[in-house]
Amino acid sequence: MITIPTDERSLSFLDEVVADTPGGERIAHCMQCGSCSGSCPNGPDMDYTPRTLFALINAGQRERVLSSNTMWCCVSCYACTTRCPQDIPITDIMYALKRLSLREGLAGGTDAPALAKTFTGLLDKYGRSFEFGLASRYYLFNKPLSMLKMGPLGLSMFTKGRMSLVPTKIRQLDQLQAIIKKARQLGETS
Ligand code: SF4
Ligand code: SF4
(Lines give C-alpha, C1' and ligand atoms only; values in the text may rest on other atoms or scores of the structure.)
(Ligands and ions follow the chains in the order given, each with its own letter.)
Protein backbone atom coordinates (compact mmCIF):
# COMPACT_ATOMS: atom_id res chain seq x y z
CA MET A 1 0.00 0.00 0.00
CA ILE A 2 1.54 3.35 -1.01
CA THR A 3 1.19 6.45 1.11
CA ILE A 4 -0.05 9.43 -0.86
CA PRO A 5 0.41 12.84 0.72
CA THR A 6 -2.24 15.42 -0.12
CA ASP A 7 -0.65 18.68 -1.21
CA GLU A 8 -2.10 22.15 -1.32
CA ARG A 9 -2.76 21.98 -5.05
CA SER A 10 -5.13 19.03 -4.70
CA LEU A 11 -8.28 20.93 -5.49
CA SER A 12 -6.88 22.75 -8.48
CA PHE A 13 -5.46 19.62 -10.10
CA LEU A 14 -8.67 17.67 -9.65
CA ASP A 15 -10.58 20.63 -11.07
CA GLU A 16 -8.26 20.74 -14.06
CA VAL A 17 -8.85 17.08 -14.86
CA VAL A 18 -12.59 17.47 -14.37
CA ALA A 19 -12.72 20.56 -16.59
CA ASP A 20 -10.97 18.70 -19.41
CA THR A 21 -13.12 15.54 -19.28
CA PRO A 22 -16.83 15.18 -20.05
CA GLY A 23 -18.29 13.46 -16.98
CA GLY A 24 -14.95 13.85 -15.23
CA GLU A 25 -16.56 15.07 -12.00
CA ARG A 26 -17.30 11.42 -11.23
CA ILE A 27 -13.63 10.85 -10.48
CA ALA A 28 -14.29 12.10 -6.97
CA HIS A 29 -16.50 9.01 -6.49
CA CYS A 30 -13.66 6.53 -7.04
CA MET A 31 -13.90 3.99 -4.23
CA GLN A 32 -10.56 2.33 -4.98
CA CYS A 33 -12.11 -1.04 -5.79
CA GLY A 34 -9.37 -1.87 -8.32
CA SER A 35 -11.68 -3.23 -11.04
CA CYS A 36 -10.05 -0.87 -13.55
CA SER A 37 -6.53 -2.00 -12.73
CA GLY A 38 -7.59 -5.65 -12.81
CA SER A 39 -9.12 -5.15 -16.27
CA CYS A 40 -6.28 -3.20 -17.82
CA PRO A 41 -4.18 -5.18 -20.32
CA ASN A 42 -1.31 -2.73 -19.94
CA GLY A 43 -1.34 -2.39 -16.16
CA PRO A 44 2.02 -4.17 -15.70
CA ASP A 45 3.76 -1.61 -17.92
CA MET A 46 2.29 1.43 -16.19
CA ASP A 47 4.10 3.51 -13.56
CA TYR A 48 0.78 3.60 -11.68
CA THR A 49 -2.25 1.44 -12.33
CA PRO A 50 -5.50 3.31 -13.06
CA ARG A 51 -6.69 2.77 -9.46
CA THR A 52 -3.50 4.29 -8.04
CA LEU A 53 -3.60 7.07 -10.59
CA PHE A 54 -7.04 8.15 -9.40
CA ALA A 55 -5.88 8.12 -5.81
CA LEU A 56 -2.98 10.36 -6.85
CA ILE A 57 -5.29 12.73 -8.74
CA ASN A 58 -7.63 12.99 -5.78
CA ALA A 59 -4.58 13.69 -3.62
CA GLY A 60 -3.44 16.47 -5.95
CA GLN A 61 -0.21 14.83 -7.03
CA ARG A 62 -0.07 16.84 -10.23
CA GLU A 63 3.52 16.43 -11.33
CA ARG A 64 3.69 12.80 -10.29
CA VAL A 65 0.63 12.01 -12.39
CA LEU A 66 1.44 14.12 -15.43
CA SER A 67 5.03 12.88 -15.69
CA SER A 68 4.04 9.22 -15.39
CA ASN A 69 3.75 6.86 -18.35
CA THR A 70 0.34 5.55 -17.29
CA MET A 71 -1.88 7.44 -19.71
CA TRP A 72 0.60 6.84 -22.52
CA CYS A 73 0.30 3.07 -21.96
CA CYS A 74 -3.47 3.29 -22.32
CA VAL A 75 -4.62 1.71 -25.58
CA SER A 76 -8.23 2.95 -25.28
CA CYS A 77 -9.74 -0.52 -25.00
CA TYR A 78 -12.44 0.79 -22.59
CA ALA A 79 -12.31 -2.41 -20.49
CA CYS A 80 -11.88 -0.32 -17.34
CA THR A 81 -14.66 2.10 -18.23
CA THR A 82 -17.22 -0.62 -18.83
CA ARG A 83 -16.38 -2.30 -15.52
CA CYS A 84 -16.14 0.71 -13.23
CA PRO A 85 -19.00 0.47 -10.69
CA GLN A 86 -18.93 4.26 -10.28
CA ASP A 87 -19.34 5.06 -14.00
CA ILE A 88 -16.11 7.01 -14.08
CA PRO A 89 -15.06 7.80 -17.69
CA ILE A 90 -11.60 6.35 -17.14
CA THR A 91 -10.51 6.17 -20.76
CA ASP A 92 -11.56 9.76 -21.39
CA ILE A 93 -9.65 10.84 -18.30
CA MET A 94 -6.56 9.16 -19.77
CA TYR A 95 -6.96 11.35 -22.86
CA ALA A 96 -7.34 14.45 -20.69
CA LEU A 97 -4.17 13.54 -18.81
CA LYS A 98 -2.28 13.15 -22.09
CA ARG A 99 -3.36 16.65 -23.13
CA LEU A 100 -2.43 18.13 -19.77
CA SER A 101 0.91 16.33 -19.76
CA LEU A 102 1.80 17.68 -23.21
CA ARG A 103 0.60 21.18 -22.30
CA GLU A 104 2.78 21.20 -19.20
CA GLY A 105 5.81 19.70 -20.97
CA LEU A 106 5.88 16.78 -18.54
CA ALA A 107 5.71 13.95 -21.06
CA GLY A 108 9.47 13.80 -21.56
CA GLY A 109 9.87 10.42 -19.89
CA THR A 110 8.09 8.50 -22.63
CA ASP A 111 8.38 8.11 -26.40
CA ALA A 112 4.61 7.86 -26.82
CA PRO A 113 3.95 11.54 -27.71
CA ALA A 114 6.50 11.40 -30.54
CA LEU A 115 4.94 8.18 -31.82
CA ALA A 116 1.44 9.69 -31.56
CA LYS A 117 2.58 12.80 -33.43
CA THR A 118 4.06 10.72 -36.24
CA PHE A 119 0.87 8.63 -36.39
CA THR A 120 -1.48 11.63 -36.56
CA GLY A 121 0.73 13.24 -39.20
CA LEU A 122 0.20 10.17 -41.41
CA LEU A 123 -3.53 10.20 -40.72
CA ASP A 124 -3.67 13.84 -41.80
CA LYS A 125 -1.91 12.97 -45.04
CA TYR A 126 -3.40 9.63 -46.02
CA GLY A 127 -6.48 9.19 -43.84
CA ARG A 128 -5.20 5.87 -42.54
CA SER A 129 -2.16 4.37 -40.89
CA PHE A 130 0.89 3.53 -42.97
CA GLU A 131 3.02 1.18 -40.89
CA PHE A 132 6.22 1.43 -42.89
CA GLY A 133 6.08 5.23 -42.86
CA LEU A 134 5.18 5.25 -39.17
CA ALA A 135 8.07 3.02 -38.12
CA SER A 136 10.68 4.58 -40.39
CA ARG A 137 9.82 8.20 -39.53
CA TYR A 138 9.48 7.53 -35.83
CA TYR A 139 12.81 5.73 -35.54
CA LEU A 140 14.65 8.04 -37.92
CA PHE A 141 13.71 11.20 -36.03
CA ASN A 142 13.61 9.82 -32.50
CA LYS A 143 15.73 6.67 -32.21
CA PRO A 144 17.96 6.34 -35.28
CA LEU A 145 20.20 3.70 -33.71
CA SER A 146 17.27 1.49 -32.83
CA MET A 147 16.19 1.56 -36.46
CA LEU A 148 18.83 -1.02 -37.33
CA LYS A 149 17.48 -3.41 -34.73
CA MET A 150 13.97 -3.14 -36.16
CA GLY A 151 15.14 -3.93 -39.70
CA PRO A 152 14.71 -7.74 -39.50
CA LEU A 153 11.19 -7.38 -38.07
CA GLY A 154 10.23 -4.97 -40.84
CA LEU A 155 11.65 -7.26 -43.49
CA SER A 156 9.80 -10.24 -42.05
CA MET A 157 6.51 -8.31 -42.06
CA PHE A 158 7.10 -7.18 -45.61
CA THR A 159 7.87 -10.67 -46.95
CA LYS A 160 4.72 -12.02 -45.24
CA GLY A 161 2.61 -9.32 -46.84
CA ARG A 162 1.90 -7.63 -43.52
CA MET A 163 3.48 -4.30 -44.40
CA SER A 164 3.33 -2.27 -47.58
CA LEU A 165 6.15 0.02 -48.68
CA VAL A 166 3.72 2.36 -50.41
CA PRO A 167 1.00 4.39 -48.63
CA THR A 168 -2.56 4.47 -49.92
CA LYS A 169 -5.05 7.25 -49.35
CA ILE A 170 -8.65 6.77 -48.35
CA ARG A 171 -11.40 8.00 -50.65
CA GLN A 172 -12.78 11.46 -49.91
CA LEU A 173 -9.75 12.35 -47.83
CA ASP A 174 -10.72 16.01 -48.03
CA GLN A 175 -13.80 15.28 -45.90
CA LEU A 176 -11.75 13.63 -43.16
CA GLN A 177 -9.27 16.50 -43.25
CA ALA A 178 -12.11 18.98 -42.83
CA ILE A 179 -13.37 17.03 -39.78
CA ILE A 180 -9.89 16.94 -38.24
CA LYS A 181 -9.44 20.66 -38.90
CA LYS A 182 -12.74 21.47 -37.21
CA ALA A 183 -11.93 19.22 -34.24
CA ARG A 184 -8.60 21.01 -33.80
CA GLN A 185 -10.31 24.40 -33.93
CA LEU A 186 -12.82 23.29 -31.29
CA GLY A 187 -9.98 21.88 -29.17
CA GLU A 188 -8.15 25.20 -29.27
CA THR A 189 -11.17 27.23 -28.26
CA SER A 190 -12.53 24.91 -25.53
S1 SF4 B 1 -13.02 0.74 -11.19
FE2 SF4 B 1 -13.78 2.85 -10.87
S3 SF4 B 1 -14.24 2.97 -8.68
FE4 SF4 B 1 -12.94 1.16 -8.97
S5 SF4 B 1 -10.84 1.91 -8.61
FE6 SF4 B 1 -11.23 2.06 -10.80
S7 SF4 B 1 -11.97 4.16 -11.13
FE8 SF4 B 1 -12.15 3.71 -8.94
S1 SF4 C 1 -8.87 1.92 -21.59
FE2 SF4 C 1 -6.70 2.25 -21.08
S3 SF4 C 1 -6.62 2.32 -18.82
FE4 SF4 C 1 -8.60 1.39 -19.43
S5 SF4 C 1 -8.24 -0.83 -19.41
FE6 SF4 C 1 -7.90 -0.12 -21.51
S7 SF4 C 1 -5.70 0.32 -21.61
FE8 SF4 C 1 -6.23 0.19 -19.44
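## Ground rules

Since we're looking at a prediction, local features need pLDDT of at least 70 and side-chain atom pairs count only at pLDDT 80 or more, while totals for chains, interfaces and linings use all residues. Residues are numbered from 1 along each chain as its sequence is written, and chains are lettered from A and ligands numbered from 1 in the order in which they are written.

## Overall fold

The protein chain is helices and no strands: 11 of the former, zero of the latter. Here helices (H or I, at least four residues) and strands (E, at least two) are DSSP runs, numbered from the N terminus. The C-alpha trace spans about 50 × 35 × 30 Å along its principal axes.

Of the 190 residues in the chain, 22% are buried. A residue is buried if 20 or more other C-beta atoms, placed from the backbone, lie within 10 Å of its own; 12 or fewer makes it exposed, and anything in between partly exposed. Among contacts (C-beta atoms, placed from the backbone, within 7 Å) with a separation of 6 or more, 64% link residues 24 or more positions apart.

## The nonpolar core

A nonpolar core is a set of buried Ala, Val, Leu, Ile, Met, Phe, Trp, Tyr and Cys residues joined through C-beta atoms within 7 Å. The largest one here has 23 residues, and V17, I27, I57, I90, I93, M94 and L97 have the most contacts inside it. Helices 1 (10-19), 3, 4 (62-66), 5 (70-73) and 7 each give it two or more residues, with helix 7 in the lead at five.

Take I93 as an example: beyond its neighbours within four places in sequence, I93 is in contact with V17, T21, G24 and I27.

## Around ligand 1

Ligand 1 is surrounded by 15 residues, the closest being C30, C33, S35, C36 and C84. To count as near, a residue needs its C-beta atom, placed from the backbone, within 6 Å of the molecule. Helix 2 (35-39) and helix 3 (50-58) each give two or more residues to this shell, and helix 3 has the largest share, three.

By class, the shell has 10 nonpolar, four polar and one charged. Ala, Val, Leu, Ile, Met, Phe, Trp, Tyr, Cys and Pro count as nonpolar, Asp, Glu, Lys and Arg as charged, and the others, Gly among them, as polar.

## Around ligand 2

Ligand 2 also has 15 residues around it, and C40, C74, C77, A79 and C80 come nearest. Helix 6 (79-83) and helix 7 (90-103) each supply at least two of the shell residues; helix 7 has the largest share, three. The shell contains 11 nonpolar, four polar and no charged residues.

Terms used:
Two residues are in contact if their C-beta atoms, placed from the backbone, lie within 7 Å.
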